[in-house]
Amino acid sequence: MAVLYPSQEWCDAWKDAMNNSEAVRENGKNWGADFNGNFVFEIAPGGGLDKTTYLYLEAKAGLCSVARVVDSPIGLDPGFHVTGDYPAFKNVVRGDKDFIEGVVRGLFKVKGDMSKIMRNAKFVRAVANSFTLFEATYLGE
Amino acid sequence: MPTIDDFVRPKEWVSDFVADLGKSLRRWGEERYMPVRLQVDEDWQEHKIIGPLLKEVLVDLGLNAAFFPAEAGGTEMPDPMTMCCVIVEELARIDSGFATSCICSIWGFIPALLKPHRNMELCMEFGPKFCGDKLYMGCHAMTEPSSGADVENFGRMRGKTIQTTATADGDHWIINGHKIWPTNSGTVADLYTVVCTTKKGSTDPNDFALVMVPADTEGVSTGNPYQKCGMSADMNTDIWFDHVKVPKRYRLHGPGDDLKYWKRAIAMGNVGSAAMAIGVMKNVYEIIKKWTTERVIAGKPLKEHSICADMLSEIAMLIESTSAWMWQYAREMDRPDIYGWEPWDERFVLKSRGLALHANNAVERACSRAMDFMGSYGYAREFGIEKHWRDQKVIGLWMGGKGLKTLENARYWYDLETL
């Protein structure tokens, strides 16, 4: 059954998809080993999303332990904070746009150690590709 | 108070990610390279200090994998020229020889690596090695004992001076020849991209060939490193290819296309040289700014004396002008959809020689003038300028030297027919 992006149901499906993905597991062996590999995704309104939405992801050693919608990033301690608007995130979740290309081209702002993303690009891509392993619906459509 | 980050850098073209990657390299350089920078000059033969540092940047920070396809384990970064300019600037600020070694690791592979002329088969064969956990380095073997500029001067010499040959033998190429001076030769390279001809003396562009040769192939041998005036982190030796046999598929493309896409690598070398000069000039700016602020002459800081302000002004202008020019050309290379010509267009090779020449002259002038105002401190190693002064001369002598850069730039702008 398709789940709405973004929502807690979508986060639950994403967590399952990541933890069942051999590509995520294999390429993420070193992720978060000696650094904070957790993410906050800040989705700015637009394209059907009417308010800023935050998703929080905890990932280490190729496994996702937490994926949830949060009211704000206050109190969280992510290693990476990714900001973009809803249409840009939607394109990545759909598989229409490469996440790393979006970061390099400035569609997403990333705060965090860029060299870790460079070094673990295969893992980052595998996480992004796991979006396409389950069906989603989107706001504004 | 302005810093080196206030010099021209168009934020609409250089994303925060790429800029922050540059800052990561800067932090790495300050923490890991600066404490040993003075020792690097003595490490020119064995690379005992340099080798581990290359691994830290190319493997641990992921730069070797930056442009390889995801399927081969790479990061597949877009806008390669912009990314290269940021990387090279930051590393050259620390040590231009080290920057040279880093960026030249993939330079020879460019014709097979970048879209739309990527050779996926070769990327899948060699990509996992470049993108793996062990250091794997490339070397672009172009220059020969009798000529370097002549090899690059394809518009007039048309490859007729290339002595290194690739002879077809069934399913293999047999490579014979002698190269000299390429970056990352000697004990550094794991993989050579060898500039060859399939017919000695030929001016037919179809006879120009680029062939990959793993460094451990039977028949490949290298000489001892040359001790240069600078750029000790860049190892340069002779390389001999004595009946070296490699699979046919190791030719990057084929007749005509090898030369066509090699021109992109040459144009990138020109623009990258400018980035290198800018990185050096930015460190010179930092050093001379501090020096002229702290040095008090006749009751006031040296920078408050008008003759000194003349020098300081000139250095700032050299950095600004070279930066503006470089970013424009980087943008043109990355966005053929806007500018209308492909990054391997011969016209771009020619006009980017002008940028490289300007950058060579600018960094030479900046280093020399800064030294003038530091006096004896300028030629003492501890104060940082004399290393850049020695290193920058090498930047000016490569990519055909000032002669070829002058001719090809004039050829482009003035439609020269005989030069």
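## The nonpolar core

The largest nonpolar core here runs to 170 residues, and those with the most contacts inside it are B:Val211, B:Val271, B:Met281 and B:Met326. Helix H10 of chain B, residues 257-294, puts in the largest share of this core, with 19 residues. Keep in mind that this is a predicted model.

What does B:Met326 touch, leaving out residues up to four places away in sequence? The list is B:Cys85, B:Val271, B:Ala274, B:Ala275, B:Ile278 and B:Leu355. One of these, B:Val271, is itself among the residues with the most contacts inside the core.

## Domains of chain B

Chain B splits into three pieces: domain 1 covers 4-136, domain 2 covers 139-257 and domain 3 covers 259-414. Between domain 2 and domain 3 of chain B, the C-alpha centres are 29 Å apart.

How many residues meet where domain 2 of chain B touches domain 3 of chain B? Domain 2 brings 15 residues and domain 3 brings 18 residues.

## Chain A on its own

Now for chain A, which has six helices and seven strands. Going along the sequence, they come in the pattern β-α-α-β-β-β-β-α-α-β-α-α-β. The C-alpha trace of chain A spans about 40 × 30 × 30 Å along its principal axes.

Why does the radius of gyration of chain A agree with a compact globule? A compact globule of 141 residues would come out near 14 Å, and chain A has 14 Å, so the two agree. Buried residues account for 39% of the 141 residues in chain A. As for its contacts with a separation of 6 or more, 71% join residues 24 or more positions apart.

## Where the chains meet

The contact between the two chains draws 16 residues from chain A and 18 residues from chain B. On the chain A side, the elements giving two or more residues are helix H4 (99-104), strand S6 (109-111), helix H5 (114-119) and helix H6 (121-129).

What is the make-up of the side of chain A that touches chain B? Its residues divide into seven nonpolar, two polar and seven charged.

How values were computed: Residues numbered from 1 in each chain as written. Chains lettered and ligands numbered in written order. Predicted model: local features only at pLDDT ≥ 70, side-chain atom pairs only at ≥ 80, totals over all residues. Contact = placed C-beta atoms within 7 Å. Helix = DSSP H or I, 4+ residues; strand = E, 2+ residues; numbered from the N terminus. Nonpolar A, V, L, I, M, F, W, Y, C, P; charged D, E, K, R; others polar. Core = buried A, V, L, I, M, F, W, Y, C linked by C-beta atoms within 7 Å. Buried ≥ 20, exposed ≤ 12 C-beta atoms within 10 Å, placed from the backbone. Domains from an automatic or database assignment. Rg over C-alpha atoms; globule rule 2.2 N^0.38 Å.
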